[in-house]
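Work through the exercises below with the sequence and the 3D structure at hand. Each task is followed by a solution in steps.

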Amino acid sequence: MKLDLKFSRETIGPDLGSGLTVALISIPEGMAYAIVAGVDPVYGLYTGMVTTIVASLTGSTSLMIVTLTNAMALVTADALSALSPEYDPIRSMFTLTLLVGAIMFLLGVLRLGSIIRFVSTEVMSGFVFATALLIVLGQYGELVGYESTLEANKLIKGIDTTLHFSEWDWPTVIVGAASIIILVVLKRITAVEKYADVLIIVLSSLFVFLVGWASVELVGDIADVPRGLEALPTPVLPDFSAIPALLTAAIAAAVVGLAESSGVGASYPNPDESKSDMSRDFSAQGLGNLVGSFFQAMPACASLSRTGVNASGGAQTRWAGVYAGLLLAIVLVLFGNVTELIPMTGLAALLMVIGF
């Protein structure tokens, strides 16, 4: 696998800016998806470090961000819940990550990514549209401060959330709506458009902090954000004895992950106009998981939403993904307590604009 690691002074600024935005988004999303999987939120953060860096260095789609997603979290939850009590669920999760990585890497080596070429443009466009719609609907509740209690899909929950507008938290709505408006305006100003995503996170956080609206949900309300050296993953060994018990689940997770990520290359072409190689992207996701499994990472795949954040932030090269992983670690070590003040509605506004 030939790696293109060109480094340019002209792209450092945009890549650092978009990398920082991805890092900040990855804090609440990583923790939330880890909670969905039923494990400590810190493992969702670890996944956004090593896994993201390795996959960014080796992938064909230069803006692709490989990290924990909602779909992978759900598959992980099912796999861990089906394990017998003889296995440690946490070490088994790292084993699952290892197996998913091995399967993804093998599929890439066998050049099975070429299968995507036989999928029609209409089908791929429909898939990307559906994914973008799910991103928007998934953030609707955070934007208005009301989460539907219905056991239904996101569309039905979105309708239910609208019908319960009388129960919305209006300070949350004001911050979210203002964030969308300001973000759209900032993206039309040439001097700041590449840094608009970072600015909206900073501005919304400062506003909520200064005004003191206690009803606006913050990142810290999801879980305590680790800080200091506790925010960094330490090397571990997966439980190799759990491989037979997890192999079927790993195959399912790999298929789900690759299906979820199949539209990333089509949606976000390389800025240098080079063609994406889906097989190489398969292998990159596999390598990210393989290495991540030894650093307490959860199963991951290319994220359309996080890749969207990366592209929206003005990323130019694969180094943006590398910076995202590094900056996530640095931000948590130095400013973990500060990131707890980021309002969820501000992040929801950013993701909804990207989804649209």
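**Exercise 1. Find how many salt bridges there are, and describe the one between Arg306 and Glu29.**

Step 1. A salt bridge is a side-chain nitrogen of Lys or Arg within 4 Å of a carboxyl oxygen of Asp or Glu. By this rule there are four salt bridges. The model is predicted, so local features need pLDDT of at least 70 and side-chain atom pairs count only at pLDDT 80 or more, while totals for chains, interfaces and linings use all residues. Residues are numbered from 1 along each chain as its sequence is written, and side-chain values use heavy atoms, with hydrogens and water left out.

Step 2. In one of the salt bridges, the side chains of Arg306 and Glu29 meet at 2.9 Å, N to O. Arg306 belongs to helix α13 (residues 304-312) and Glu29 to helix α1 (residues 9-37), so the pair ties together parts that are 277 residues apart in sequence. Helices (H or I, at least four residues) and strands (E, at least two) are DSSP runs, numbered from the N terminus.

Step 3. Both Arg306 and Glu29 are buried. Buried means under 20% relative accessible area, exposed over 50%, and partly exposed in between (1.4 Å probe, protein chains only).

**Exercise 2. Describe the surroundings of Ser179.**

Step 1. Ser179 lies in helix α8 (residues 170-186). With a relative accessible area of 3%, Ser179 is buried.

Step 2. Leaving aside neighbours within four places in sequence, the contacts of Ser179 (heavy atoms within 4.5 Å) are Ile200, Ser204, Gly346 and Ala349.

Step 3. The side chain of Ser179 also reaches the backbone oxygen of Val175 at 2.7 Å.

**Exercise 3. Which residues touch the most other members of the largest nonpolar core?**

Step 1. A nonpolar core is a set of buried Ala, Val, Leu, Ile, Met, Phe, Trp, Tyr and Cys residues joined through side-chain atoms within 4.5 Å. In soluble globular proteins, nonpolar side chains tend to be buried together.

Step 2. The largest core has 77 residues, and those touching the most other members are Ile27, Val39, Tyr43, Val100, Val219, Met298 and Leu332. Another core lies apart from it, with ten residues, among them Val144, Trp168, Ala348 and Ala349.

Step 3. Leaving aside neighbours within four places in sequence, Leu332 is in contact with residues including Ile27, Leu45, Met49 and Arg227.

**Exercise 4. Where is Ser62, and which residues does Ser62 touch?**

Step 1. Ser62 is in the loop between α3 (50-58) and β1 (66-67). Ser62 is buried, with a relative accessible area of 11%.

Step 2. Not counting residues up to four places away in sequence, Ser62 touches Asn270, Pro271, Thr317 and Arg318.

**Exercise 5. Look at the backbone of Arg111 and Glu273, which have a positive phi.**

Step 1. Arg111 is not a glycine, yet has a positive phi of about 60 degrees.

Step 2. Glu273, also not a glycine, has a positive phi of about 70 degrees. Glu273 is found in the loop between α11 and α12 and counts as exposed, at 74% relative accessibility.

Key. Polar contact = N/O pair within 3.5 Å; in protein donor to acceptor, adjacent residues only side chain to side chain.
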